[in-house]
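User: I'm new to this one and would like a walk through it. Could we take it question by question?

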Amino acid sequence: MLRKLKRILPVLLLASSLSASTNFDLQRLADGVYAVIVKPGSSAGSNGAVIITKDEVLVVDTHYRPSFARELIGEIAKLTPNPVRYVANTHWHNDHTQGNEAYFNAFPKGVELLSHVNTRRDIVDKAIPNMREDLATTTPNAIKQLEERLASNTDPALKPRLEASLGDRKAYLAELKSIEISLPTLTFDHSMILHKGGREIRLLYFGRGHTEGDVVVFLPKEKILITGDLLTSGIPFFRDGHPAEWTATLKGVSHLEFDTAVPGHGPVQTGKSQMGRLIAYLDDLVTGVRKMANEGKSFDEVKATLDLSKHKDGLAGFTGTLGNELAVKRTYDEAKGLVP
């Protein structure tokens, strides 16, 4: 009985330590492997993952702010005394990269930041300019609008939510003034494989999709896949997407032997059914939009006639008959040759 209690007690202590995080839910997927799932209502941005080896730690994605990254660093310290030596950015979007600097500051003996070559380029060309625009315009405007809504609000039930949103935006603005997105120090074209402490960690590039530099992190022994925003619980963000290639990219990823997937947003997934649903949606989206675009139909005509509603089950946030208007618009622009 005593031996059994000794086995159970560390699990109970671990569960209690993981519940302390304000913004993250750390879910144990295998020995030393944790999904970092953003809690509902948090502005931390993206999910991520923590992979502990014999002597080191690899972290996948760094969230929207260095303060969020520091919070996760504190949670990692509860799991292991091992230092973080590797950080992987799955792509360039700011909610996956703006916490990069926290790891360089926390581990001065050295951190290697890993990404696809296109992601490093896009952090320079897109993420950093986006952050500056956020500081100069986007966030100040959001604060002003929230202040105006709060001043004119007559609903007592709404007031706490508006105040919380305003406080969060002001905290973000204060932090933005000192953020410097640290750049990847090691980049690759197609794959990078780390062999650390008996664990094999594969970083793989299958082609363009959500962005031009999406990589997945794959643990073949554990059959765990961390996808970034190539896969979410619904229809991912399409602003920088390449719809026609996204389908082929996901089909390539789907051939990996994984049982568990950590998406860029949303809950941990079991099996490949969610990926299959997104692939099916993408296939019909691209086929339908391209056909109408080639027939000379305008975007408004495509919006009025395209029906993808058969895919709505299982894709969180699916709206109307299109699922997501931005997805259709990006696909239409791609079909018309407007997407580089």
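**Helix packing, core and loops**

Analyst: Let's start with a pair of helices: α8 and α10 cross in a right-handed way. Keep in mind that this is a predicted model.

User: How do α8 and α10 pack, roughly parallel or oblique?

Analyst: Their axes lie 9 Å apart, and the packing angle is about 50 degrees. Angles under 35 degrees would count as roughly parallel, and 65 to 115 as roughly perpendicular.

User: What about α7 and α8: are they roughly parallel or roughly antiparallel?

Analyst: The axes of α7 and α8 are 9 Å apart, and the angle between them is about 155 degrees. The cut-off for roughly antiparallel is over 145 degrees. So α7 and α8 are roughly antiparallel.

User: Is the crossing of α7 and α8 left-handed or right-handed, and how many charged residues are in their contact?

Analyst: That crossing is left-handed. From α7 come Pro243, Ala244, Trp246, Thr247, Leu250, Lys251, Val253 and Ser254, facing Met275, Leu278, Ile279, Leu282, Asp283, Val286 and Arg290 of α8. By class, the contact has 10 nonpolar and 2 polar residues, and the charged ones number 3.

User: Which residues in the largest nonpolar core touch the most other members?

Analyst: That core has 33 residues. As a general point, nonpolar side chains in soluble globular proteins tend to be buried together. The members with the most contacts to other members are Tyr281 and Leu285.

User: Which helix gives the largest share of this core?

Analyst: At least two residues of the core come from each of β10 (216–219), α7 (243–254), α8 (273–294), α9 (299–305) and α10 (325–335). The largest share is 9 residues, and it comes from α8.

User: Leaving out residues up to four places away in sequence, what does Leu285 touch?

Analyst: Leu285 is one of the α8 residues that meet α10. Setting aside those sequence neighbours, its partners are Phe238, Leu308, Ala327, Val328 and Thr331.

User: How do α5 and α6 run, roughly parallel or roughly antiparallel?

Analyst: Helix α5 covers residues 117–152 and helix α6 covers 159–176; their axes come within 9 Å and cross at roughly 155 degrees. The crossing is left-handed. An angle over 145 degrees counts as roughly antiparallel, so α5 and α6 are roughly antiparallel.

User: How many charged residues sit in the contact of α5 with α6?

Analyst: Members from α5 include Asp134, Glu147 and Arg149, and those from α6 include Lys159, Glu163, Arg169 and Lys170. Of the residues in this contact, 12 are nonpolar and 2 are polar. The charged ones number 7.

User: Is Ala30 buried or exposed?

Analyst: Ala30 belongs to strand β1, residues 24–30. Apart from residues up to four places away in sequence, Ala30 touches Glu222 and Ile224. Its relative accessible area is 15%, and buried means under 20%, so Ala30 is buried.

User: What is the phi of His63 near, and where is His63 found?

Analyst: In general, most residues other than glycine have a negative phi. His63 has a positive one, and it counts as buried because its relative accessibility is 0%. It is found in the loop between β4 (57–60) and α2 (66–79), and its phi is near 70 degrees.

User: Is Lys223 buried or partly exposed?

Analyst: Lys223 is in the loop between β10 and β11 (224–228). Its phi is positive too, near 60 degrees. With a relative accessible area of 32%, Lys223 is partly exposed.

User: How far apart in space are Ser178 and Pro66, C-alpha to C-alpha?

Analyst: Ser178 lies in the loop between α6 and β7 (186–188). Its relative accessible area is 51%, so Ser178 counts as exposed. In sequence Ser178 and Pro66 are 112 residues apart, while in space the C-alpha to C-alpha distance is 9.7 Å.

Technical notes
Residues are numbered from 1 along each chain as its sequence is written. This is a predicted model: local features need pLDDT of at least 70, side-chain atom pairs count only at pLDDT 80 or more; totals for chains, interfaces and linings use all residues. Side-chain values use heavy atoms; hydrogens and water are left out. A nonpolar core is a set of buried Ala, Val, Leu, Ile, Met, Phe, Trp, Tyr and Cys residues joined through side-chain atoms within 4.5 Å. Buried means under 20% relative accessible area, exposed over 50%, partly exposed in between (1.4 Å probe, protein chains only). Helices (H or I, at least four residues) and strands (E, at least two) are DSSP runs, numbered from the N terminus. Contact means heavy atoms within 4.5 Å. Axes are lines fitted to C-alpha atoms, for helices over the stretch in contact, and angles run from 0 to 180 degrees between N-to-C directions. A crossing is left-handed if the near helix is turned anticlockwise from the far one by less than a right angle, and right-handed if clockwise. Ala, Val, Leu, Ile, Met, Phe, Trp, Tyr, Cys and Pro count as nonpolar, Asp, Glu, Lys and Arg as charged, and the others, Gly among them, as polar.
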